[in-house]
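The following exercises ask the reader to work with a sequence and its three-dimensional model. Each task is followed by a solution in steps.

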There are 2 protein chains.
Amino acid sequence: MQPQNIFDNEVFFQGYKNLRENPNSANILEEKPAIFSLLPDLTGKKVLDLGCGYGENCNLFSKMGAKKVVGIDVSSKMLAIANAENSGDNILYENICMENIFSINEKFDVVVSSLAIHYIHDFSKLVSNVNRLLNDYGIFVFSQEHPLTTAPKDGANWFKNADGSITHYKLTDYAINGERTVSWLVDGIRKYHRTFSSIINALIDADFTIKKMLEPVPTKEIIARDPSFAKDLHKPNFLVIKAERNNKNIEKFSATAPTIITQRTIL
Amino acid sequence: MQPQNIFDNEVFFQGYKNLRENPNSANILEEKPAIFSLLPDLTGKKVLDLGCGYGENCNLFSKMGAKKVVGIDVSSKMLAIANAENSGDNILYENICMENIFSINEKFDVVVSSLAIHYIHDFSKLVSNVNRLLNDYGIFVFSQEHPLTTAPKDGANWFKNADGSITHYKLTDYAINGERTVSWLVDGIRKYHRTFSSIINALIDADFTIKKMLEPVPTKEIIARDPSFAKDLHKPNFLVIKAERNNKNIEKFSATAPTIITQRTIL
């Protein structure tokens with residue numbers, strides 16, 4: 001399957017730019033604090049950002065003390081902005097799509113991906129490749145559209161009263177994984193729905209340990225300021241997961257001879 | 001908070017009995033195969049069943065080779081049936097509610113719980129107690145009502161067309177954890193809604209590693225036989241999780257001196 005590059009579409013690109021620059025978006029108010037709360041200390045670490053877009057996060061990772069930051073994206077337009085606005089001596093942007101990260105010949109301590117993974121068809125293959133790019137105990141933190149958002153085949157939507165107030169979220173097709181063609185800024189965008197269990201099991205099968213899961217919702221203050229955020233309590237917008245690459249030696253050892261392992265025996 | 005004992009209510013008890021004896025229930029066709037698929041080999045193992053009810057599962061665990069099976073339940077009526085219909089030399093039934101399992105002075109290899117945990121107010125306390133009852137690498141397998149089922153404060157329900165056909169599930173309140181008072185066989189049953197992330201994080205915080213998550217759905221054959229099962233593809237009925245108790249020695253060791261561990265060094 002060909003990687004999707006909607007980001008180089010001019011209409012999408014402009015719409016996306018406006019959205020990203022809105023300081024009151026769910027992106028800024030919900031997703032960003034959640035994903036940053038799950039990052040480990042980046043001091044002296046090598047960080048890879050999958051689907052880095054404009055590179056705002058790469059810039060922040062560098063400021064947080066990372067030794068080296070590599071940002072990859074399928075869109076050369078996005079990377080042009082990243083290089084212009086978020087460059088740095090220790091930041092490298094590369095025009096590689098997430099489907100091709102197996103070509104990266106380097107190991108990282110932390111891999112991050114913000115709101116890009118729901119565009120990827122083969123999640124199992126992706127996380128297996130991420131695992132290979134990480135050092136032992138390496139951390140993978142990613143956010144994606146919430147599985148309840150991606151579920152409906154006719155696009156996520158809300159049931160409204162005659163007065164326009166929301167009564168509930170119209171949930172369908174949650175248990176059916178696969179492609180969803182939706183309209184978002186432009187028509188015909190391909191996203192991929194996966195259930196919670198599919199996501200969790202794929203990470204475990206790729207030799208990750210789940211460390212934390214977040215489904216961020218707006219604070220009371222945000223809802224008081226903008227009541228349209230209240231609906232996110234019915235159905236969150238984002239899912240954020242922190243996973244740790246298992247140390248293969250420990251795993252192998254513990255599986256074969258668990259009883260002889262004690263602190264004393266080894267030291 | 002007082003433990004809830006709806007099971008000794010006569011109306012509930014009869015209704016529940018009829019439901020359990022229906023071979024075409026979602027319970028039998030979806031939940032049971034899922035929870036059994038996650039059990040480890042029980043040969044020679046000590047098994048604890050939380051909320052064992054009639055003891056059908058305890059009887060099966062014994063037949064699967066378990067050395068000893070302890071079933072606990074809040075309902076003495078249920079346990080009377082368990083003792084009459086599902087007794088065995090190596091099966092012990094005890095009238096203990098799940099809130100009080102800290103009083104059990106014994107360790108187990110496997111703890112199982114089928115469709116009982118959504119009645120428990122304090123999930124974190126429960127899983128912390130389960131962790132203490134398990135041996136190193138002990139396995140905890142449980143099923144509960146799906147978080148999308150427990151979410152709506154007005155009770156789980158479906159949106160129907162004029163002809164009675166289902167269009168979607170009316171999802172509300174998913175992000176709001178807490179008590180839900182619902183009518184199921186009788187009025188005023190207390191259940192507790194928890195998001196996926198709350199459940200997963202509580203297990204991790206209690207020193208478990210997530211091994212597998214299932215959201216079972218009906219097979220094509222089941223739907224062909226009874227089309228009313230098709231709605232479960234929009235919104236599953238059950239969540240089933242397998243978690244492993246971490247070995248404290250390994251954890252401590254790996255956190256302090258990961259680099260010197262190799263298969264060769266130790267053997």
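**Exercise 1.** How many residues lie between β6(B) and β7(B) in their hairpin, and which residue in the turn has a positive phi?

*Solution.* The model is a predicted one: local features need pLDDT of at least 70, side-chain atom pairs count only at pLDDT 80 or more, and totals for chains, interfaces and linings use all residues. Residues are numbered from 1 along each chain as its sequence is written, and chains are lettered from A and ligands numbered from 1 in the order in which they are written.

Step 1. Helices (H or I, at least four residues) and strands (E, at least two) are DSSP runs, numbered from the N terminus. Two strands pair if DSSP finds at least two bridges between them.

Step 2. Strand β6 (residues 158-160) of chain B pairs with β7(B) over three bridges in the antiparallel sense. Within this pairing, B:Trp158 has B:Tyr169 as its bridge partner.

Step 3. The hairpin has five residues between its two strands, and B:Gly164 in the turn has a positive phi of about 90°.

**Exercise 2.** Which strand of chain B is joined to β7 of chain A, and in what sense do the two run?

*Solution.* Step 1. Strand β7 (residues 166-171) of chain A is joined by three bridges to strand β7 (residues 166-171) of chain B, and the two run antiparallel.

Step 1. One residue pair illustrates this: the bridge partner of A:Leu171 in β7(B) is B:Tyr169.

**Exercise 3.** State the order of the strands in the seven-stranded sheet of chain A, and identify the edge strands.

*Solution.* Step 1. The open sheet has the order β3-β2-β1-β4-β5-β11-β10 in chain A, with mixed pairing. Its edge strands are β3 (91-94) and β10 (208-214) of chain A, each of which pairs on one side only.

Step 1. Strand β4 (residues 108-114) of chain A runs parallel to strand β5 (residues 134-145) of chain A, with six bridges between them; here A:Ser113 stands opposite A:Phe142. By contrast, β5(A) and β11(A) run antiparallel and are joined by seven bridges, and A:Glu145 has A:Phe238 as its bridge partner in β11(A).

Step 2. Six bridges join β10(A) to β11(A), again antiparallel. A:Met213 has A:Ile241 as its bridge partner in β11(A).

**Exercise 4.** Why is β11(A) described as largely enclosed by the rest of the structure?

*Solution.* Step 1. A residue is buried if 20 or more other C-beta atoms lie within 10 Å of its own, exposed if 12 or fewer, and partly exposed in between; C-beta atoms are placed from the backbone.

Step 1. Seven of the eight residues of β11(A) are buried, so the strand is largely enclosed. In chain A as a whole, 43% of the 267 residues count as buried.

**Exercise 5.** Which residues of helix α5 of chain B are buried, and why do they line one face of the helix?

*Solution.* Step 1. In helix α5 (residues 123-133) of chain B, the buried residues are B:Leu126, B:Val127, B:Asn129, B:Val130 and B:Leu133.

Step 1. The directions from the helix axis to the C-beta atoms define an arc. The buried residues of α5(B) fall within an arc of 155°, so they line one face of the helix. In general, an α-helix has 3.6 residues a turn, so residues three or four places apart point the same way.

Step 2. Two residues are in contact if their C-beta atoms, placed from the backbone, lie within 7 Å. The buried residues of α5(B) pack against β1 (46-50), β4 (108-114), β5 (134-145), α7 (196-205) and β10 (208-214) of chain B.

**Exercise 6.** Is A:Asn57 buried or exposed, and which residues does it touch?

*Solution.* Step 1. A:Asn57 lies in helix α3 (residues 56-63) of chain A. A:Asn57 is buried, because 24 other C-beta atoms lie within 10 Å.

Step 1. Not counting residues up to four places away in sequence, A:Asn57 touches A:Asp49, A:Cys52, A:Val112 and A:Ser114.
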